[in-house]
Amino acid sequence: MQEILNKLIDRYAIEPIQENRHNQAFVTIEKNRLPDVLTWLRDYEDYTHLAFITAVDYPEIEKIQLTYMLHNYILHTDLGLRVLLDRTRPEMVSIHHLWKQVATYQRELREMFGIDFPGSPGLQENFALEGWKDIPPMRRDFDTKEYSEKTYFPRPGRQTHDPKEYMKEKLYPSAKEDK
Amino acid sequence: MDNKEINNTKLANEGLSEQDRPLFCDARPQSYKPLGKYVEKFLNWARANSLWILGYGTGCGAIELRPLMTARFDMFRWGLAPRPTPRQAGVFVIGGYMSVKTLKRVIRSYEQMQGPKFVIGLGSCTINGGMYWDSYNTINRLDHYLPVDIYITGCMPRPEALIAGFNKLKEMIKAGETDGQNEYARNFDWYKANQKKIVKDWNMPDYNW
Amino acid sequence: MSDRSKFPPVIDGKAQFDLDSGKYIKVWQGPQHPGVTGNMALELIISGDEVIDLTTHVGYLHRGFEKLMERRRYIQCFPIVCRICVPEPDTNEYLLAAAAEELAGIEIPEKAKWLRTLTLELSRLASFLMWIGGQSGAFGMGTVAQWAIAQRDFILDLFEELSGGRVYHMYIVPGGVRDDLPSGWDKHLEDVLVKTEKMLKEIEIVMFNNVIFKMRAQNLGIITPDMVDKFGIVGPNARAAGLARDLRKDEPYLIYDKLDFQVITRDFSDAYNRTYLRWQEMWQSIGLIRQIMAGMPAGNDYHYNLPNVLNWKIPHGETYVKAESTRGEYGFYMVSDGSGYPRRVYVRGPSYTHAMALLPHLAVNVNIADMAGLMVSLHTYPPEIER
């Protein structure tokens, strides 16, 4: 694991590295270098398996993080590549030519996070939603509860408790009386 | 309900394109008029004993229909049989949660079924959304979109609960208490408005017959 | 296979055909169709009875699990994750627990590891039995489906005795498992295993020696070894192509490094060999369950004493944990921001690539009657694609 990280540092001058386990590490990469790094890892360093592509939304720093998880079947190591995108107009270089399943991942990310991948085939097609007009549902500022209550006729009678307070009352009813 | 005036206006079919519109039916669903007390009683007996289920596993409830169909629980003992097409089926088992995309297909399948037809809501998700009550993509109450005859609670309902539910449905049919199909015809505009509220791209006829 | 020379060219991932020419017909298989696995749809373009182009449509089961988990506490996530994959829910439970434990730095007791492995292997067996019912049904052999799914039901009975739930167990919780083995459970288990073995022998006679099954399944949907990395194929589909890739052996989690088993491979990945390989893996699972029961540690230390789970905060971090499910590498990617709620949980389902990328590739030139058999032989399961 350390070997490939050293190589990455030498070759691409990548700085922030987070090593999780002996066989898993995450590195942060500049947006435009990612296709280079991915191709190099796939073709020369045996990171041949792309496990997934996904995104994490960070509204507080106005960024969306993309994670590309690669796996090496010889050393059995995982390498996660992180890319930070601008949140207002997220756009990423498409890598659909590298693996066959990538086009679908990018289609999903376009729908769920509103990330654009110019040139990816079938990008504008629906993945899971149909005729969605609201903001992309996996963004942090989309409130699924509010949307559900507004749209789907909630059946009256549902109660919501804060689990912490509720269990406190259930388990220690005397504590409340003391107050 | 019965003294409501029968609405005979044609459906607009606004979701269809101009050249497709003449190809589809624009009549409203009609209520079923009972034939006579004793004939109807006989027919209800016959209906109750041949409940054919539409083989559409709309949610995870389909997983408990498989044991029900096979050797251990063997639903054929009660005259239940799975059918591959809506044209041959009489019972629609909504298997649990229903996403908006599925609902569109379910409406289409339901309307294509031959009457008399019955809907069984399976699992708590059909009743109040269950576990997915705050999800942006699953409906909360099935009875706003389709007339439900009977609900079977649980997540998942066991095959025994399903059998009990089917037997209860049989009793209801024999007693002539199932009115779902007529309710759908009577309150057609209300159901359609609810359905169209959430199915955003309505590109099918208003009544799929 | 996949000879596209007589078919229209493919530009930008889409076959270029003219539906108005009258040579091609568009047929939808699903979502309301008994021949698809679960609730998904295949949009087929056929010429005669040969499929020339296929598009998979999913999203009929999308519930937004990842969004729902963002607004639930860690402990509240546990009842919902098992719903992601219905025939094999325990993998989800284990992975969520493993991800949370890794981020929180919890080491679970030894006995909990053994119990977790036991449920994983049992649910693996149940999932395979469900699948072989579908596979035989897709080729018109209802008998095997009747046997296998009825036999699966007895495994569900064991689960019910163990955890109280038939389909969804919620047995694996953070810090260990919920309960110890009930007394007398091992005898019931052995009884079920013996019956399952008997049934598996019968399935071999009825299914794998059946000339119709052989003729239809052999050479159907061939996966060559060089396709495996290009499409991200994992699990039995890759093992049938001769690649010994099994996470239980390669990166042993729980107690798989203490168990004695070999990774099963075949040298040619068509529908017949994939079916046979999974049949062999059922035997392997039975063997593993026996080994686990023989080596089960005594005592009742099966749960790590967690802090108050209603106010359980997990430190900042990010991890990816994975396990070998019946369909291959199943993974949870979890990001924690130090609060009581997960920041992001991503579920990597192995069916994703199999259904979305591989199936359209394999379907070319396949007879439309064999489509159901081909799809089931990849063991795709839609809820884990769209979650």
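Among contacts in chain B between residues at least 6 apart in sequence, 80% join residues at least 24 apart. This comes from a predicted model.

**Chain B overall**

Chain B holds 7 helices and 5 strands. Read from the N terminus, its elements follow the order α-β-α-β-β-α-β-α-β-α-α-α. The C-alpha trace of chain B spans about 50 × 45 × 30 Å along its principal axes. Its radius of gyration is 17 Å. A compact globule with 209 residues would have a value near 17 Å, so chain B agrees with that expectation. Of those 209 residues, 43% count as buried.

**A cis peptide in chain B**

Which two residues of chain B does a cis peptide bond join? They are B:Cys155 and B:Met156, and omega is about -15°. B:Met156 belongs to a loop of chain B. That loop runs between strand E5 (150-152) and helix H5 (159-174).

**Positive phi in chains A and C**

Two residues have a positive phi although neither is a glycine: A:Glu62 and C:Leu254. Both have a place in a loop, A:Glu62 in chain A and C:Leu254 in chain C.

**Where chain C touches chain A**

How many residues does the contact take from each chain? Chain C gives 36 residues and chain A gives 35 residues. On the side of chain C that touches chain A, several elements each supply at least two residues. The helices are H1 (65-70), H8 (225-231) and H12 (351-362) of chain C. The strands are E8 (317-325), E9 (328-336) and E10 (342-348) of chain C. By class, this side of chain C has 17 charged, 10 nonpolar and 9 polar residues.

Key. Residues are numbered from 1 along each chain as its sequence is written. Chains are lettered from A and ligands numbered from 1 in the order in which they are written. This is a predicted model: local features need pLDDT of at least 70, side-chain atom pairs count only at pLDDT 80 or more; totals for chains, interfaces and linings use all residues. Helices (H or I, at least four residues) and strands (E, at least two) are DSSP runs, numbered from the N terminus. Two residues are in contact if their C-beta atoms, placed from the backbone, lie within 7 Å. Ala, Val, Leu, Ile, Met, Phe, Trp, Tyr, Cys and Pro count as nonpolar, Asp, Glu, Lys and Arg as charged, and the others, Gly among them, as polar. The radius of gyration is taken over C-alpha atoms; the globule rule is 2.2 Å times the number of residues to the power 0.38. A residue is buried if 20 or more other C-beta atoms lie within 10 Å of its own, exposed if 12 or fewer, and partly exposed in between; C-beta atoms are placed from the backbone.
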